[in-house]
Amino acid sequence: LLDMVWYTASMQAGSPVIILDRHRLQEREKPGLELAVVSVPSYACQRHTPLLHHNTTLTDALSILAENAELSENEGRGVAFRRAAALLKSLPQEVRGAEQLRGLPCLGEHSLRVIKEVLEDGVSHEVETTTHSEQFKAMKALTGIFGVGAKTADRWFREGIHTPSDLQRSGHTLNRAQQAGLQYYDELNLPVTKAEAVAIGQIVERAVHAVLPGAEITLIGGFRRGKQTGHDVDFLITHPDEGREEGLMPKVVSWLEAQGFLLYQKTTGNSYLESKEGPARPASNMDRFERCFSIFRLSTDNEGTEIQTGLRSRRGLRSRRGLRSRRGLRSRRGMTLVVVGDHAQKVSWVLGHSQCSGPRSWRAVRVDLVVSPYSQFAFALLGWTGSKLFERELRRWAVHEKAMTLSSHALYDRKRTQYLRASSEEEIFTHLGLEYIPPCDRNA
Ligand code: DCT
Ligand code: MG
């Protein structure tokens, strides 16, 4: 029985499926505990979804179709594939036959068809066609440029632009984010490792503590869920004395820029005001925290934990090489130096990507910084830990099952017409009537 970790208790359509939970089975071995059976709930925020699971072949196939739907701006279809994939990720055993899926929630007709095909033939025709499609490849390549969304990519694709190189040749006017996205394209599409995230965390901590001692910095996003790589690094910053965090970001950004750590940054101010916001769900799921989208210049030199600052190396370059002009200067090692950055007095010197002829001692990394008032910290932490689908499911659960509105700022109870305060994620799960799911099990 212990080997039968999960099974469908009833083959009758519509009846709840019973699974034996592996964790609880282990618990059962402790004397005095009853064998526990649990049903597979339909909201991802009711389930434990670990990072490593047993159905990657199936979830990879569904994720490609989800991505294609999202790139085609078919959000509903994308979410349907993501929900189906998330359900499979939460199962404690590999699915070997479609009959095992009978009665499980979240599996729409289309997803089931794809799953059956993969189980029977090893591949799905639709997935194969998608991955080989010129449009899908081009849309992935173009939206892989920082600052380029599906709408813009689609417009360019229709003009015959399929790759970043095509875009470079096209002579299109690009905004500042897109210029940086193109300049650091290859690096920004390389996964960021946990070690790099930790190194950036040390820099962020130095910057934040330099301008606001006592502030707290938390690594959020995928790394908080236990991922070993990510597409960016996300940090949440707060201060126990509410109000001290106001206007923090411009000071942090100035410190980082002065030290030469930023290749690009765009800061937006905090526009959330509970009294004005009202309980209604914001039009967009985007939160209104003070936020900085940036590209960091991370040293890859082996200098132990000491990170070389950009300023030091820049000063060194200038003085050693006697650089006078600011554009297109040739260094002694034959590398071309290119100037980036907004402020003439805070110019960052970087080795031109295409002209670089020798090894470089740093890489570009996408970093998101978010500042939250202390009283909203638990909501911000929950909202920024992800996964995206887990967050979506939490908000859906709140609205449909609890008549509540959840955002990264607050939780509002529509029946009691009041905000529900919380100082920890656990309290928010309790308000929502949900079992607490730790970050490592939010990988839906
Ligand atoms: N988020 C969300 N909805 C979005 C975008 C983001 O709820 N539309 C939340 C969930 C994750 C968090 O913000 C950080 O976003 P990302 O960095 O995009 O996600 P990630 O899980 O950290 O993924 P990666 O590891 O690739 O960075
Ligand atoms: Mg992230």
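Of the 13 residues around ligand 1, which come nearest? Gly221, Gly222, Gly230, Gly386 and Glu391 do. Keep in mind that this is a predicted model, with an ipTM of 0.97 and a pTM of 0.82 from the predictor for the complex.

**Around ligand 1**
- Two elements, α12 (221-224) and α17 (388-402), are the ones that give two or more residues to the shell around ligand 1.
- By type, the shell around ligand 1 splits into 7 polar, 5 charged and 1 nonpolar.

- Average pLDDT for the chain comes out at 83, and 75% of the residues score at least 70.
- Residues 1-38 are one stretch to watch: pLDDT is below 50 there, and the stretch has 45 contacts in the model beyond near neighbours in sequence.
- Residues 303-356 also sit below 50 in pLDDT, with 67 contacts beyond near neighbours in sequence.

**Helix α11**
- Helix α11 covers residues 194-211, which makes 18 residues.
- From first C-alpha to last, α11 reaches 26 Å, close to the 26 Å expected at 1.5 Å a residue.
- Its buried residues are Ala197, Ile200, Ile203, Val204, Ala207 and Val208.
- Looking down the axis of α11, those buried residues fall within an arc of 130°, so they line one face of the helix.
- As background, an α-helix has 3.6 residues a turn, so residues three or four places apart point the same way.

Conventions
Residues are numbered from 1 along each chain as its sequence is written. Chains are lettered from A and ligands numbered from 1 in the order in which they are written. This is a predicted model: local features need pLDDT of at least 70, side-chain atom pairs count only at pLDDT 80 or more; totals for chains, interfaces and linings use all residues. A residue is near a molecule or strand if its C-beta atom, placed from the backbone, lies within 6 Å of it. Helices (H or I, at least four residues) and strands (E, at least two) are DSSP runs, numbered from the N terminus. Ala, Val, Leu, Ile, Met, Phe, Trp, Tyr, Cys and Pro count as nonpolar, Asp, Glu, Lys and Arg as charged, and the others, Gly among them, as polar. pLDDT is the predictor's confidence in each residue, from 0 to 100. Two residues are in contact if their C-beta atoms, placed from the backbone, lie within 7 Å. The expected span of a helix is 1.5 Å times one less than its number of residues. A residue is buried if 20 or more other C-beta atoms lie within 10 Å of its own, exposed if 12 or fewer, and partly exposed in between; C-beta atoms are placed from the backbone. The arc is that of the directions from the helix axis to the C-beta atoms.
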